[in-house]
Amino acid sequence: MTSEPPENPEPSENPGTDPGTGTETGPGLRASLEAILLVADEPVPVVVLAQVLERPRNEVEAELRALAASYVTEGRGFDLREIAGGWRFYTREDCAPLVERFISDGQEVRLTQAALETLAVVAYRQPVSRARVSAVRGVNCDGVMRTLVLRGLTEEAGTDKETGAILYRTTGYFLERLGLASLEDLPDLAPFLPENIEDIEDENARP
């Protein structure tokens, strides 16, 4: 169980702060929050952000609300919303048609190497979680997975009973694009895989 950060930590406990002067030497609170939330795949609770940044919870929450208000005032194409017990970036509702058009128009665009690799892992390991796919590839695949879902090539397939992680599988559209009748028609990958593939995955999964 994690403990809640102190309301008023000493200046020396704050990352990016000079213990002698108390002045920030690294990115400020606003920049730090934006950087974390930009890569967050799920709403992040205030307590988690406060722990990571080693800042008072009330200070972090106040900055989040100020950020959210500033995005609305500036008419940005995205919002910062408090939802499901945490904070996360979302595309503004009136921009949704543009995003859908971009994704739709991109259907005929060739997939990137990263997307092809991720899609291959899902195809052969499904149902599989994003974390497992990332472990196989050795890099974070959250953004690529979102693209594959938006393009209709992968979809959610329930949750893992042990971890609660969302599982993914390929879609009928995936088979259609590859001209396959079923997943059984996928070529056998065994001859091309190293014998220690499980050890490699476990090694990549370590923090």
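How many bridges pair strand 4 with strand 5, and in which sense do the two strands pair? Four bridges join strand 4 to strand 5 (residues 166-170), and the sense is antiparallel. This is a predicted model. The chain holds nine helices and five strands. Of its 207 residues, 31% are buried.

**Overall layout**
- Read from the N terminus, the elements follow the order α-α-α-β-β-α-α-β-α-α-β-β-α-α.
- Take the contacts in the chain with a separation of 6 or more: residues 24 or more positions apart account for 50% of them.

- Strands pair in a sheet through backbone hydrogen bonds, and the pairing can be parallel or antiparallel.
- Here three strands make an open sheet, in the order 3-5-4, with antiparallel pairing.
- Strand 3 (128-129) and strand 4 (154-159) are the edge strands, and each of them pairs on one side only.
- Glutamate 155 has arginine 169 of strand 5 as its bridge partner.
- Threonine 154 faces another threonine: residue 170 in strand 5 stands opposite.
- Strand 4 and strand 5 form a hairpin with six residues between the strands.
- In that hairpin, glycine 164 takes a positive phi near 80°.

**The hairpin of strand 1 and strand 2**
- Strand 1 (residues 78-83) and strand 2 (residues 86-91) run antiparallel, joined by six bridges.
- Across this pair, tyrosine 90 in strand 2 stands opposite aspartate 79.
- Two residues lie between strand 1 and strand 2 in the hairpin.
- Alanine 84 sits in the turn and has a positive phi of about 55°.

**Two crossing helices**
- A pair of packed helices is described by two things: the angle between the axes and the distance between the axes.
- For helix 5 (residues 113-125) and helix 7 (residues 142-150), the axes come within 10 Å and cross at roughly 75°.
- Angles of 65 to 115 degrees count as roughly perpendicular, so helix 5 and helix 7 are roughly perpendicular to each other.
- Helix 5 brings Ala114, Ala115, Thr118, Leu119 and Val122 to the contact.
- Helix 7 brings Val144, Met145 and Leu148.
- What classes of residue make this contact between helix 5 and helix 7? Seven are nonpolar, one is polar and none is charged.

**Cysteines**
- A disulfide is a covalent bond that links the sulfur atoms of two cysteines.
- The whole structure has zero disulfides.
- Is cysteine 95 buried or exposed? Its relative accessibility is 17%, and buried means under 20%, so cysteine 95 counts as buried.
- Cysteine 141 also counts as buried, because its relative accessibility is 0%.

**A leucine in a loop**
- Where does leucine 180 lie? Leucine 180 is in the loop between helix 8 (172-178) and helix 9 (197-205).
- Its relative accessible area is 22%, so leucine 180 is partly exposed.
- The cut-off explains this label, because partly exposed covers the range between buried, under 20%, and exposed, over 50%.
- Leaving aside residues up to four places away in sequence, leucine 180 touches Leu175, Asp185 and Leu186.

Methods: Residues are numbered from 1 along each chain as its sequence is written. This is a predicted model: local features need pLDDT of at least 70, side-chain atom pairs count only at pLDDT 80 or more; totals for chains, interfaces and linings use all residues. Side-chain values use heavy atoms; hydrogens and water are left out. A disulfide is a pair of cysteine sulfur atoms within 2.5 Å. Buried means under 20% relative accessible area, exposed over 50%, partly exposed in between (1.4 Å probe, protein chains only). Two strands pair if DSSP finds at least two bridges between them. Axes are lines fitted to C-alpha atoms, for helices over the stretch in contact, and angles run from 0 to 180 degrees between N-to-C directions. Angles under 35 degrees count as roughly parallel, over 145 as roughly antiparallel, 65 to 115 as roughly perpendicular and the rest as oblique. Contact means heavy atoms within 4.5 Å. Ala, Val, Leu, Ile, Met, Phe, Trp, Tyr, Cys and Pro count as nonpolar, Asp, Glu, Lys and Arg as charged, and the others, Gly among them, as polar.
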